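Please take a look at the sequence and the structure below. We will walk through a few places together, one at a time.

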Amino acid sequence: MGFLTDRWRSQVATRTLHKADLLVKQNRYPEAIQLLTKANQRLHSSEIEILLVNLRHDSFFHQVHTSSFVSWPPQPDDLYADQPGIPEIDHQDFTATNVASGVFNHGSIIVRNMLTAEQVSLMRDSVIQTYAQHDKAMAGALETETAPWFVPFNPTPREGTEEIINRDWFRDSGTELAADSPRGLFNLINCFQDAGIINMVAEYLGEPPALSVRKTSLRQVPHNQAVAGWHQDGAFLGQGIRTVNVWIALTDCGIDAPSMDMVPRRLPNIVPTGTEGALMSWTVSQTVVEDAAGSTPPVRLHFREGDAIIFDEMNLHRTSSSADFLRDRFAIEAWFFAPSCYPIKQLPIMV
Ligand SMILES: O=C(O)CCC(=O)C(=O)O
């Protein structure tokens, strides 16, 4: 019975892959991606998941990207003027209007209960599996053994793109690239679709969004992580970009596990980096943080699993550290960019 089921799955997968191939040959990438995604919800095929990562990347280069926003940033009304600190909403109020109001007036917005307990558990398991299979790969296992949880993403070389070489550095900072985990990325995009995140981001950016391979992560931050540097991602992501980062806690954090420390206000510019006391050339010293924060000092964020915070490249934050932390923190960090002004070095993944 199991054998027949496996044979049936393999036959359906082969037929689906063939149909997707025909669509790609006709330059119909979004349709191929949709076909494979739908079929894979039943098939759970490693081959389809690996192909999907590559098609989602290639798809970017076979479309014309335009935005409904003629200028950026927008200037939405402040719906949270009466709330001190970072505004908070529940998932039922998760709309592009509310998110834009929070991010552009206060620097970020917290969305409680973004993911259900089932989605959190699926994504936490995805992080664990990805780490475990990457460990096996580092110990010499072949890609055929570590798939579908760890298959290093090697994009076709194109002008302006570079190979991914610093996986050890990512890992040391508690990060696995989601694109290196075909099944992890598949699960992430499905959860994001079901939670209404992809539709919200499309409306917020005014166009169907693309994730960044280099910034979209499955994270397990160690409880005893070294002190991390304050930073604005805009200091190194490039100019003229339009972004939104959806960061979701997969474990409770802020009290006995690292969350993030954040300046609870919208900053109008990129503050100086690498000045005296900064940990790195791209990070911000404590003195500059205090100046930038002014009357709204940094806060330590507290999340229950499934809670999210949304911010962009202007936000000043760092991973929190404390001798009181006893547990590692799991999280998803998903950086979306507007494809019409995408910094190609970030390696796009259409969603
Ligand atoms: O997950 C974290 O602790 C850090 C996230 C971060 O630095 C970022 O989103 O840029």
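A helix here is a DSSP run of at least four residues, and helices are numbered from the N terminus. Helix H3, for example, covers residues 46–60, and Asp58 is part of it. Keep in mind as you read that this is a predicted model.

Let us stay with Asp58 for a moment. Is Asp58 buried or exposed? A residue counts as buried when its relative accessible area is under 20%. Asp58 has a relative accessibility of 17%, so it counts as buried. If you set aside residues up to four places away in sequence, Asp58 touches Tyr29, Thr156 and Arg158.

Asn27 is not a glycine, yet its phi is positive, at about 65°. With 43% relative accessibility, Asn27 counts as partly exposed. You can find Asn113 in the loop that links strand S2 (108–112) and helix H5 (117–138). Asn113 has a relative accessible area of 46%, and therefore it is partly exposed.

Next, look at the backbone around two prolines. Which kind of peptide bond leads from Trp72 to Pro73? This bond is cis, with omega near 0°. Pro73 belongs to the loop between H3 and strand S1 (88–90), so to speak of H3 again is to return to the helix that holds Asp58. A cis peptide bond also joins Ala147 and Pro148, where omega is about 5°. Pro148 is in the loop between helix H6 (143–146) and helix H7 (167–172).

Now turn to the ligand. How many residues surround the ligand? There are 13 of them, and the closest are Arg219, Trp247, Thr319, Arg329 and Glu333. For Arg219, a polar side-chain atom lies 2.7 Å from a ligand oxygen. For Asn245, the distance from a polar side-chain atom to an oxygen atom of the ligand is 3.2 Å. In the side chain of Glu333, an N or O atom is 2.5 Å from an oxygen atom of the ligand. On its own, the ligand has 300 Å² of accessible area, and the protein covers 96% of it. The space that the ligand takes up is the largest pocket.

Which elements give two or more residues to the shell around the ligand? They are strand S7 (243–249), strand S11 (316–319) and strand S12 (329–337). The largest share comes from S12, with three residues.

Our last stop is Ile270. Find Ile270 in the loop between strand S8 (260–262) and helix H11 (286–293). It counts as partly exposed because its relative accessibility is 34%. Leaving out neighbours within four places in sequence, Ile270 is in contact with Gln232, Gly234, Ala235, Glu313 and Met314. Take Gln232 from that list: along the chain, Ile270 and Gln232 are 38 residues apart, while their C-alpha atoms are separated by 6.9 Å.

Notes
Residues numbered from 1 in each chain as written. Predicted model: local features only at pLDDT ≥ 70, side-chain atom pairs only at ≥ 80, totals over all residues. Heavy atoms only, no water. Buried < 20%, exposed > 50% of the residue type's maximum accessible area, 1.4 Å probe, protein only. Contact = heavy atoms within 4.5 Å. Near = heavy atom within 4 Å. Polar contact = N/O pair within 3.5 Å; in protein donor to acceptor, adjacent residues only side chain to side chain. Areas by Shrake-Rupley, 256 points an atom, 1.4 Å probe, with all protein chains shown as cover. 1 Å grid on protein atoms, 1.4 Å probe; cavity = no way out; pocket = protein on both sides within 12 Å on 5 of 7 lines; lining within 4 Å. Sits in = over half its atoms within 2 Å of the grid points.
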